[in-house]
Amino acid sequence: MADISASFAGLSLRKCIYNASGARSMTPEELAALGNSEAGAILTKSCTLLPREGNPEPRYQDLEWGSLNSMGLPNLGYEKYIELSPELKKYGKPVFASVSGLSLEDNMKIIEAMNASEFDAVELNLSCPNIPGKPQVGYDFEDTEKYLEEISAICRKPLGLKLPPYFDFAHFEQMAGIIKKFRVRFLSCINAIGNALVIDSEKEIVIIKPKGGFGGLGGRYIKPAALANVRKFHELLPDIPIIGVGGIFTGRDVFEFVLAGATAVQLGTVLMQEGTSCFGRVARELEEIMDKKGYPSLERFRGKLKVIE
Ligand code: SIN
């Protein structure tokens, strides 16, 4: 049977597939279910300084090819996740904290506290599109650099970044140039495509309440953009492991992300729609493809996507 383990940021995952932050990862019960599942790691919902209710409902809708959400960072507050961290470690897999403070100061305070927690690593979310009045930090290159200067100076856990999708080569290059200056241990690409609009034409109305119906688009709609971001950052930053996220529903999808350069992958919309059984199913589908193709491990085809000469 093919080996689908992964290592990055000094951590070993028995399977390279785990949850995306936000998908069924907010409550102690949801985190325990991830612990008991075949997910290779546990990643929390992005936490803020204080607990948050999030945006008004309806704020998540499944769609034929994915999902639209404007959750608004509902979470239990960073202190609760730190309190849960020793419990989560008992599942014997790496445990990641997603951090999405509403300001640099909030992030600094949370990261300081994370240093003394049982979390193995931190995924700093620079890309939540759903907080009214708060632009996505990852689209502001100056701000991103300032965040990284301050945060990388105090973070004693391996630090990763959850990036928004970029669509222009100049932006990939600018962001890669900034990331290179700091000790970033992994990149999770991509967050939802922000501020998408889906319309119910029958009722002539938007489908989610916050922000006049604008929300983060996830699922199959965004897989080509996610693959492009994984590919480009892998090319520009070959020494930084890239975690692929966006539209992964099957083992074939994982195979494509690894070909593009991903070290591991996260499941978001499929986890929302199918529940934690998706981890085992997708893992088995990936193993089957690798066995058929004769690849014993992910290293054998990672980043080896061919181009047409
Ligand atoms: C949300 O809670 O609004 C989603 C978080 C994110 O997309 O980063």
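Colleague: Which polar backbone atom is 2.8 Å from an oxygen atom of the ligand?
Modeller: That one belongs to G72. Keep in mind this is a predicted model, where local features need pLDDT of at least 70, side-chain atom pairs count only at pLDDT 80 or more, and totals for chains, interfaces and linings use all residues. Residues are numbered from 1 along each chain as its sequence is written, and side-chain values use heavy atoms, with hydrogens and water left out.

Colleague: OK, and what lies 2.7 Å from an oxygen atom of the ligand?
Modeller: A polar side-chain atom of N130.

Colleague: How much of the ligand's accessible area does the protein cover?
Modeller: 92% of the 260 Å² that the ligand has on its own, by the Shrake-Rupley method with a 1.4 Å probe.

Colleague: Which residues surround the ligand?
Modeller: Among them are K45, N69, L73, P74, N125 and C128, counting residues with a heavy atom within 4 Å. The shell divides into five nonpolar, five polar and one charged; Gly goes with the polar ones, Cys and Pro with the nonpolar, and Lys with the charged.

Colleague: Switching topic, what's the strand order in the open sheet?
Modeller: β3-β16-β15-β10-β9-β8-β7-β4, eight strands with parallel pairing. Strands are DSSP runs (E, at least two residues) numbered from the N terminus, and two of them pair if DSSP finds at least two bridges between them.

Colleague: Which are the edge strands?
Modeller: β3 (17-19) and β4 (42-43), each pairing on one side only. Two bridges join β4 to β7 (residues 95-99), and L43 has F96 as its bridge partner there.

Methods. A polar contact is a pair of N or O atoms within 3.5 Å; within protein, one must be able to donate a hydrogen and the other to accept it, and residues adjacent in sequence count only if both atoms are side-chain atoms. Helices (H or I, at least four residues) and strands (E, at least two) are DSSP runs, numbered from the N terminus.
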